[in-house]
Amino acid sequence: MIVDQRVGLRIIGKEILGVILLMAGWDLIVVVLFQVFHQEWMEQPSLPVSLIGSALALFMGFRSNSAYARWWEARTLWGAITNNCRSFGRQAGTLLGDRHDLMYAIAAYPHALRMALGKEDASADIQRLLPPYMQDAIVNYRNKPNAILYQIGLGVTEEVNKKGIDGAVHGQIDRILSDIANAQGGLERIRNTPLPMQFSALPRTLVNIFCIVLPLSMVQTLEWITPLGSSLVGCLFLVLDKSANDLQEPFSGTPHALPMATMARNIEIDVTQPTGDPTAPPLSAVNGIQY
């Protein structure tokens, strides 16, 4: 996630620079053909293009809202996981009587989740935090985060039966694990359900077509400065398309994705600090980007 606005503008500029230069080159070709070679067929009325641009702007705005809704829902679900992991860590240390192994297991859980959701390799963090007996128990499971929650549930039940803890307390702890599992299910739904083609591939195609037609409706008015005016208008649509495309995949591992490594490390620190053991340092932004 970009946390420095100057870095963000620089990254977006680099990502769309090639397309803008290509668009400016096409605009220049149109101007030369119209002004020098007098290709009158290029003199197209501006009203149809204006109407298309207005409709496309509305469509792009709706698509951007849909993409941001996906990104924000993913961030909200990660917030629920953060809160519930902290609550479970507290109860594992108080109600269950200092079960440090369960505290470290729930600290390893968000690292396993971020590795399952995205392309990040968190195996070193999992091996560092997850108790060895749990690592052996989950080795054959396909869904490692869910397997960790299952092993934690077994550990809670074992402690409840051994110490005769009241069933209401057991139910309260189990409800926290259920809330974590529900949030994980929501994150997996976002990962496994991309935006429909109408909101992903189609907008880019329409923007490209619009940018090709745009100078044809401007050349008779702007003449030699058509590349400037057409490129500015086209840049606006390209930025809208690029922003929505970046937000629609919150687990992509790009600078625009959620900082899952940072969130997982923060959960780890909050959960393991009560054990009294040394904790890993929090992750800082790298060149204005929080990973």
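Colleague: Which residues make the nonpolar surface patch of about 340 Å²?

Modeller: Keep in mind that this is a predicted model. The patch is made by Val36, Phe37 and Trp224. Val36 sits in the loop between helix 1 (5–35) and helix 2 (46–94), and Val36 is partly exposed at a relative accessible area of 43%.

Colleague: Next, helix 8. What span should its 26 residues have?

Modeller: At 1.5 Å a residue, helix 8 (residues 197–222) should span 38 Å. Its end C-alpha atoms are 36 Å apart, which agrees. There is a bend of about 30 degrees at Pro203, though. Pro203 is also one of the buried residues of helix 8, which include Phe199, Val207 and Phe210.

Colleague: Which helices do those buried residues pack against?

Modeller: They pack against helix 1, helix 2 and helix 9 (226–247).

Colleague: How many salt bridges does a search of the whole structure find?

Modeller: It finds 17. Take Asp241 and Arg63, with their closest N and O atoms 2.7 Å apart. Asp241 is in helix 9 and Arg63 in helix 2, so this pair ties together parts 178 residues apart in sequence. Asp241 is buried at 1% relative accessibility, and Arg63 is buried with a relative accessible area of 1%.

Colleague: And within a helix, why would residues three or four places apart point the same way?

Modeller: An α-helix has 3.6 residues a turn, so such residues point the same way. Here, Lys162 and Glu159 lie 3 residues apart in helix 6 (residues 144–163), and their side chains meet in a salt bridge at 3.7 Å, N to O. Lys162 is exposed at 60% relative accessibility, whereas Glu159 is buried at 2%.

Technical notes: Residues numbered from 1 in each chain as written. Predicted model: local features only at pLDDT ≥ 70, side-chain atom pairs only at ≥ 80, totals over all residues. Heavy atoms only, no water. Patch = residues over 30% accessible without salt bridge, like charges linked within 9 Å, V, L, I, M, F, W, Y side chains within 5 Å. Areas by Shrake-Rupley, 256 points an atom, 1.4 Å probe, with all protein chains shown as cover. Salt bridge = Lys/Arg side-chain N within 4 Å of Asp/Glu carboxyl O. Helix = DSSP H or I, 4+ residues; strand = E, 2+ residues; numbered from the N terminus. Buried < 20%, exposed > 50% of the residue type's maximum accessible area, 1.4 Å probe, protein only. Expected span 1.5 Å × (residues − 1). Bend = angle between axes of the 7 residues up to and from the residue. Contact = heavy atoms within 4.5 Å.
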